[in-house]
Amino acid sequence: MVQLPDTPENSALVQEFLDETRRRISNGIDITFTNKANEELKDLALDFNVEVADIETAIENRSTENYFRGIDPSRKADFEVCAFSATVGKDNVRIYLKFGLEVQGLQILLSFNHVPDYPMNQPFKNYQYGD
Amino acid sequence: METNKLLTRENHLTDELHGITDKMYKGLKLEYTEVFYLDYDVDEETGLINRNKTSKHYTKSQVDRNIKALKNAYHIAKGAASPSEIINFRDKYQISASMLSIILGFSKNTISNIENEGVTSLPTGRLIKMCLDNKAIIYKYIQLCDDLDSRKKEEISRRLMEEIK
């Protein structure tokens, strides 16, 4: 999965992805979990008491600053996929959060929610356009 | 039993499926029933749907139920009473869920909630287990209960003591 370089256009692309995610959630679309995401959430639930609602809140509250990787600018896939850094639960556990938006439908598909295996750089962090 | 139906990504009705699964956690084998449905696999890197392969998918509500079942299995493995143990005990001694709640000093709906949703706290689950396994303790709690009249106390105590004899 590519990491988009830090440009105003790419930031707008990620913002558009996040706006669409929030729009779907506010219209009542529930998040769907893949098998991997379900397995990973079990570990988060047992180790840190993280709940489904915490994951949903994390998805809703992402900003471009939390962007890690993803969004294929060619837009040829069935899902637009993007990965973010997030903190969840009462212990503020940092996780790698990757989800996709169905292009020809409305599904929000969560594929990963686990403690990252390595430090995640966030290329858009602290970037102030026009300032 | 009627099977729950769900909509796939392509808006086709599909059955909710059940399967026994296990997970090793801190040296414990946690076994429980999980719910899921099948839909076409999506490559998490490319975002492409593979229409030749289905895989397990989970709605938010299914994940919620599965996590509750997993935590319940963990609490049982750590010594808490299982919902079926509580139900069997109540059936055997003809004690209603609300009455058992009151005898143990919980709020009226606690036992009923545990029976439906599983044990949500390990200390609570262990206390219940201890009481179910040791009728002398529950007998004592019945005698100390202010919310039962003496006739009711005698009735339940008799059923418990018959077993002890």
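1. In which strand of chain A is the place of Gly70(A)? Gly70(A) belongs to strand E2, which covers residues 67–70 of chain A. Note that this is a predicted model, and the points below should be read as describing that model.

2. Is Gly70(A) buried or exposed? Gly70(A) counts as buried because it has 21 C-beta neighbours inside 10 Å, and the cut-off for that label is 20 or more.

3. Gly70(A) also shows how residues separated in sequence can meet in space. Met1(A) and Gly70(A) are 69 residues apart along the sequence, yet their C-alpha atoms are 5.5 Å apart. Leaving out residues up to four places away in sequence, Gly70(A) touches Met1(A), Val81(A), Cys82(A) and Ala83(A).

4. With neighbours within four places in sequence set aside, Cys82(A) is in contact with Gly70(A), Ile71(A), Val14(A) and Phe17(A). Cys82(A) is also among the residues that touch the most other members of the largest nonpolar core.

5. That core holds 59 residues. Besides Cys82(A), those touching the most other members are Val14(A), Leu41(A), Ile55(A), Phe84(A), Leu97(A) and Leu110(A). Strand E3 of chain A, residues 79–88, supplies the largest share of the core, 7 residues. Why does the core lie between domain 1 and domain 2 of chain B? Domain 1 (5–77) and domain 2 (83–164) of chain B both give residues to the core, so it lies between them.

6. Turning to chain B as a whole, there are 7 helices and 5 strands. Read from the N terminus, the order of elements is β-β-β-β-β-α-α-α-α-α-α-α. For the 165 residues of chain B the globule rule gives 15 Å, but the radius of gyration is 21 Å, well over that value, so chain B is more spread out than a compact globule. The C-alpha trace of chain B spans about 70 × 35 × 25 Å along its principal axes.

7. Of the 165 residues in chain B, 25% are buried. Among chain B contacts between residues at least 6 apart in sequence, 50% join residues at least 24 apart.

8. Chain B is divided into domain 1 (5–77) and domain 2 (83–164). The centres of these two domains, taken over C-alpha atoms, are separated by 34 Å. How many residues does each domain of chain B bring to the contact? Domain 1 gives 5 residues and domain 2 gives 5 residues. On the domain 1 side, the residues that touch domain 2 divide into 2 charged, 2 polar and 1 nonpolar.

Note on methods
Residues are numbered from 1 along each chain as its sequence is written. Chains are lettered from A and ligands numbered from 1 in the order in which they are written. This is a predicted model: local features need pLDDT of at least 70, side-chain atom pairs count only at pLDDT 80 or more; totals for chains, interfaces and linings use all residues. Helices (H or I, at least four residues) and strands (E, at least two) are DSSP runs, numbered from the N terminus. The radius of gyration is taken over C-alpha atoms; the globule rule is 2.2 Å times the number of residues to the power 0.38. A residue is buried if 20 or more other C-beta atoms lie within 10 Å of its own, exposed if 12 or fewer, and partly exposed in between; C-beta atoms are placed from the backbone. Two residues are in contact if their C-beta atoms, placed from the backbone, lie within 7 Å. A nonpolar core is a set of buried Ala, Val, Leu, Ile, Met, Phe, Trp, Tyr and Cys residues joined through C-beta atoms within 7 Å. Domain bounds come from an automatic or database domain assignment. Ala, Val, Leu, Ile, Met, Phe, Trp, Tyr, Cys and Pro count as nonpolar, Asp, Glu, Lys and Arg as charged, and the others, Gly among them, as polar.
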